[in-house]
Amino acid sequence: MEILIRDTPEEVALAAADIVSAYVRRALPGAGCVLGLATGSTPVATYQELIRRHREEGLSFAGLTAFCLDEYIGLPREHQESYFRFIRDNFTAHIDIDDAVFSPDGMDPQPWKAAQRYDEAIREAGGIDVQILGIGSNGHIGFNEPGSPLRGRTRVETLHPQTIRDNARFFENDVEDVPTHAITQGLGTILDADHLVLLATGENKAYAVHSLVEGPITTSIPASMLQLADKATVIVDESAASMLREREYYRHREELRPSWLGPDMRPIED
Ligand code: GLP
């Protein structure tokens, strides 16, 4: 697992945008590239930077496909707080991805079937190349709460009371309005992606970041399953890094990173 520590949230966004841009630029015509997109406030600055690169530097997403990580059950797509709408409003409506953006159907009367279909759709698209992730203050990823199966597929999850409290800010601070259930890519589904890129900023994420990077792999901290990934990059600001015991080593390791390794952790070919 690679740990990148940056001074500010803005620099976290730049580092994440560098990784995604490398995948987007390498996408071969016809072969495409599949992006995995997370909601939450943390990745928004990364999406803004990618939109800027699209507008000002010609970064093109044409021919690419994107899959959202999760969706609330019971919110129609057009609802202001649906994750489908969030991703569209904050990112994909502003780039040339040609409407190839998918999300679980939170209005399906049989959500468990919608979850299975979604998992199959990801597989049929060839799997996700680069998956952006945030982290909940209790260590959840997507909506995989403590106790989630480490190899689970896309499924229905009950939101933890802490997650409901954390997310109430998007629902005028009324916990009663936060949906109680969601469809989320499972931890096994997430682990199938080629490259996991987890972003965290702010002190309230420090314990979760420490646990995911330096604690045991445990379903109590669902994000700790990143330790099993072949390619995972955790990008944090100073505050979110504040509880990492080995932060000096992570800095040192980044400084010594070989120059032939690109931001997507693949060798740069001539
Ligand atoms: C929600 C999402 C997660 C996200 C988390 C943290 O629960 N389902 O994917 O990582 O919020 O969000 P934020 O970045 O706003 O702290």
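Ala, Val, Leu, Ile, Met, Phe, Trp, Tyr, Cys and Pro count as nonpolar, Asp, Glu, Lys and Arg as charged, and the others, Gly among them, as polar. By that scheme, the shell around the ligand has three nonpolar, eight polar and three charged residues. This is a predicted model, where local features need pLDDT of at least 70, side-chain atom pairs count only at pLDDT 80 or more, and totals for chains, interfaces and linings use all residues. Residues are numbered from 1 along each chain as its sequence is written, and side-chain values use heavy atoms, with hydrogens and water left out.

**Ligand contacts**
- Ser-41, Thr-42, Asp-70, Arg-169 and Lys-205 come nearest among the 14 residues around the ligand (a residue is near if one of its heavy atoms lies within 4 Å).
- Ser-41 places a polar side-chain atom 2.6 Å from a ligand oxygen atom.
- Ile-135 has a backbone N or O atom 3.2 Å from an oxygen atom of the ligand.
- Gly-142 has a polar backbone atom 3.0 Å from a ligand nitrogen atom.

**Aromatic pairs**
- The structure holds nine aromatic pairs (rings of Phe, Tyr and Trp, with its six-membered ring, whose centres lie within 6.5 Å; planes under 30 degrees apart count as stacked, over 60 as edge-to-face and the rest as tilted).
- Phe-61 and Phe-91 have ring centres 5.9 Å apart and planes at 90°, so this pair is edge-to-face.

Note on methods: A polar contact is a pair of N or O atoms within 3.5 Å; within protein, one must be able to donate a hydrogen and the other to accept it, and residues adjacent in sequence count only if both atoms are side-chain atoms.
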